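Hi everyone, thanks for coming along. Let me put the model up on the screen, and then we can walk through a few of its features together.

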Amino acid sequence: MLAWTIYISFLGALAVMLLPKRFARGARVLALLAAVAGFAVSLMVFAKHPSGELVTVARTPWVPSLGVEYHLAADGVSLTLLLLTGVVAICGVLFSWNIEHRAREFFAFYLALIGGVYGVFLSFDLLLLFAFYEIAIVPKYFLIAIWGSTRREYAAMKLALYSFVGSAMVLIGLVAAYVVAGAKTMDLAQLAQFPFSIHFQMWAFPMMFVGFGILAGLWPFHTWAPTGHVAAPTAASMLLAGVVMKLGAYGCLRVAMMLFPRGLDPWGFHVLGFGSWRDVFALLALVGIVYGAMVALVQRDFKFVIGYSSISHMGFVLLGLMTLQQIGVDGAVLQMFSHGVLAGLLFAVVGRMVYDRTHTRDLSELERMHLSKVIPFAAGTFVLGSMASIGLPGFSGFVAELQILIGAWRAFPVFAIVAGLGIVIGIAYTWRAMQKAFFGKSDRGAAAPVSQLPAITIPERLGAAILMGASVVIGLYPQVLLRVIVPALRSPLFEGLWRGSSR
């Protein structure tokens, strides 16, 4: 049944393209129906499989001569990210209800991107996963290049180039694993049980991890992300931060760490204080946390603040993975969901509620408009979303980051302290952006009377309520997701990872 999340998305894209050009409203309605249907399918399966164990969705030969299958399956990690994709997909359509320029093409590319994302999270054949991974790259290029704003062509090309470089590294690792394992299968579960030599894993793991990590915003390969977020239209920004960056983190966990767990073993020597790839990538994640927060602190462009904050929060995901502690990795997966809904919410506020109405993202200009009185719903939503993002108890960010910090304390006590500093800086840049954008001093001499800004629409209110509600539900009762995440990570698929972490 989960396979229909993919089929509905691609069929929806085709149906939108078949509409007459003048039917912009019809394109929006079809896109919304497809997004709701995909989420409904994910939710029904999530409710029916509370154990989080691996279930086969579809399996049939695809390229028999190469041992390649059309193999779709899902466990608790996949189900969590499928739910995230469905939620963000629905809200992205709601926040794009004002799209009139080439609406058919916009929503067709949007649904094609969603279909590719669903495909990645469901694929258990490596070639199939790679195919869906590439499918997701093409639509995001066009969404930014055609409907974007600031330096959109540059941002779209930079994002595509970074993505393709990462894909090339992933492909090399996949082909190497396939050949070394006997060139008989690309089934992820079977390859996870194959005894790859330690020497092979020592070079295959970092290549694969960096290849996927580029899309996850791994420092110093992160520079495509803020540029892409700022240039992208609102829905594309929500997808980039909400689900596309999660493709990279998911690949790091599902492919790099699951296939090559011995690549995280100690080298047996030290170079500049580093004794394993685990140390190296934990440090890069930590740098991403602090660097992203510090750069966000000095930005003048409102959207750049949120863009760099995404780098910081994705750093927590990667740090959680590198703890190799059950609680840390659990927290990393939960942080993927939390950051997905909260980053989507913040980009929606900045891009749709503020920029589309004021036509500026400059914090010094917004400071003179006193937007808290003009569009109070946007101000209230941003305040709540920001508090959730920096880890206020009662929201999903608190539970996720707390688990990561506990895991980091057990594995890297000093890193945990520095990561805590990143949270403090996060409070500072969040407070600064909130104060300047919504609660600044009023300027009666402003060129444009801000009292005439359009009111927040019903689709925008509904989208904000869905995203905030998702964060509150997980914040108050994280067991909703942890009950499927924990068993999935304790399954035999990850046995090699935990066995290696105990050495």
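Let's begin with a term: a crossing is left-handed if the near helix is turned anticlockwise from the far one by less than a right angle, and right-handed if clockwise. Before I use that, two housekeeping points. This is a predicted model, where local features need pLDDT of at least 70 and side-chain atom pairs count only at pLDDT 80 or more, while totals for chains, interfaces and linings use all residues. Residues are numbered from 1 along each chain as its sequence is written, and side-chain values use heavy atoms, with hydrogens and water left out.

Helices here are DSSP runs (H or I, at least four residues), numbered from the N terminus. Now look at α9, residues 224-231, and α12, residues 302-323: their axes come within 9 Å and cross at roughly 140°. Axes are lines fitted to C-alpha atoms over the stretch in contact, with angles from 0 to 180 degrees between N-to-C directions. That angle makes α9 oblique to α12; under 35 degrees would be roughly parallel, over 145 roughly antiparallel, 65 to 115 roughly perpendicular, and the rest is oblique. The crossing of α9 and α12 is right-handed.

Pro-220 sits in the loop between α8 (198-215) and α9, and the peptide bond from Trp-219 to Pro-220 is cis, with omega near 5°. Ala-183, in the loop between α6 (152-180) and α7 (188-192), has a positive phi, near 55°. For context, most residues other than glycine have a negative phi, and most peptide bonds are trans.

Which helix packs with α20 at about 130°? That is α13, and the axes of α13 and α20 (residues 479-489) are 10 Å apart. So α13 is oblique to α20, and this crossing is right-handed too. The contact includes Val-333 and Phe-337 of α13, with Leu-482 and Ile-485 of α20.

Finally, α13 also gives the largest share of the lining of the largest pocket, 4 residues. A pocket is an open set of points on a 1 Å grid over the protein atoms alone, where a 1.4 Å probe fits, with protein on both sides within 12 Å along at least five of seven lines; lining residues have an atom within 4 Å of a point. Of the 21 lining residues, those closest to the centre are Ile-99, Trp-147, Pro-233, Thr-234 and Asp-356. Thanks, all!

Conventions
Helices (H or I, at least four residues) and strands (E, at least two) are DSSP runs, numbered from the N terminus. Contact means heavy atoms within 4.5 Å.
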